[in-house]
Amino acid sequence: MSILEQKTFLTSIHPFERLNKVELENIASNIDIVYFKKDEIIQKTSQEPTHLYFVLKGLVQEKNDEEVLSIFTKNEIFDPVSLIENYSKHTFVTSEETICYALPREIFIKVLHKNEEMESYFFQTISQKLNNNIHNEKNKEMANIMIAKVKDAKIHKAVLIDTNKPIFEAVKVIKKEKVPTLLL
């Protein structure tokens, strides 16, 4: 991929869209593309992490022994917390062939400490992160609505159901008719 494609990719991942030009250039020029086979361990528990990974293609599982804690797929990053703490609490293993960008820990930490917005993002509480992600998704949805055309709207037939029917029956009708809503 070219540097321009790398920059475009990086700015599509939250919170990396908040990087200034110099920081973005620094990260883009320091990332490498890495390939992992299926069932390959990327990072082990108790290991000092070396890279922040951006998933381009494939699937990565975060595991605690055999329990799957999280799954990372296209356009997601892992594991910034381990990089900040310089200690991996879990194992990261591919569940299919995976291609990632790998950003060295030193570069990530330097950029993190120079960019207040990114630093605050990675040190936020979980609830703050969820609220910010919801806000970002709503902004994307609004942008899509603003440029949408009426002719592209998905219109389905109106399906009516008696208000005395149980919810289970309503769900069966929704599945049968393949519609997202019912009129009562």
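Strands E1 and E8 run antiparallel and are joined by five bridges; two strands are taken to pair if DSSP finds at least two bridges between them. Helices (H or I, at least four residues) and strands (E, at least two) are DSSP runs, numbered from the N terminus. Within this pairing, Val-34 has Cys-100 of E8 as its bridge partner. The model is a predicted one, in which local features need pLDDT of at least 70 and side-chain atom pairs count only at pLDDT 80 or more, while totals for chains, interfaces and linings use all residues. Residues are numbered from 1 along each chain as its sequence is written, and side-chain values use heavy atoms, with hydrogens and water left out.

E1 and E8 belong to an open sheet of four strands, in the order E1-E8-E3-E6, with antiparallel pairing. Strand E1 (32-36) and strand E6 (77-78) each have a single partner strand and stand at the edges, so one side of each is left without a neighbour in the sheet. E3 is joined to E8 by six bridges, again in the antiparallel sense, and Tyr-53 stands opposite Ala-102 in E8. Strand E3 (residues 51-57) also pairs with E6, antiparallel and over two bridges; here the bridge partner of Tyr-53 is Phe-78 in E6. Strand E8 is mostly covered, as six of its seven residues are buried, that is, under 20% relative accessible area with a 1.4 Å probe and protein chains only (exposed is over 50%, partly exposed in between).

Helix H4 (residues 105-114) lies across E3 and strand E8 (98-104) and runs at about 60 degrees to E8. Axes are lines fitted to C-alpha atoms, for helices over the stretch in contact, and angles run from 0 to 180 degrees between N-to-C directions. The axis of helix H2 (residues 21-30) comes within 11 Å of that of H4, and the two cross at roughly 170 degrees. H2 is therefore roughly antiparallel to H4 (angles under 35 degrees count as roughly parallel, over 145 as roughly antiparallel, 65 to 115 as roughly perpendicular and the rest as oblique). Glu-23, Asn-26, Ile-27 and Asn-30 of H2 make the contact with Ile-107, Val-111 and Lys-114 of H4, where contact means heavy atoms within 4.5 Å.

A second topic is the sheet with the order E2-E7-E4-E5, which is open, has four strands and shows antiparallel pairing. Its edges are strand E2 (41-43) and strand E5 (67-72), each with a single partner strand, so one side of each is left without a neighbour in the sheet. On average, neighbouring strands of this sheet are turned by 35 degrees against each other, direction ignored. Strand E4 (residues 60-64) runs antiparallel to E5 and is joined to E5 by five bridges, with Lys-63 opposite Val-68 in E5.

Aromatic side chains complete the picture. The structure holds eight aromatic pairs, counted for rings of Phe, Tyr and Trp (its six-membered ring) with centres within 6.5 Å; planes under 30 degrees apart count as stacked, over 60 as edge-to-face and the rest as tilted. The ring centres of Phe-9 and Phe-54 lie 6.4 Å apart with planes at 70 degrees, so this pair is edge-to-face. Phe-9 in helix H1 (residues 3-11) and Phe-54 in strand E3 are 45 residues apart, and the pair thus links distant parts of the chain. Both residues, Phe-9 and Phe-54, are buried. Ring pairs also link Phe-36, Tyr-53, Phe-72, Phe-78 and Phe-92 into a cluster.
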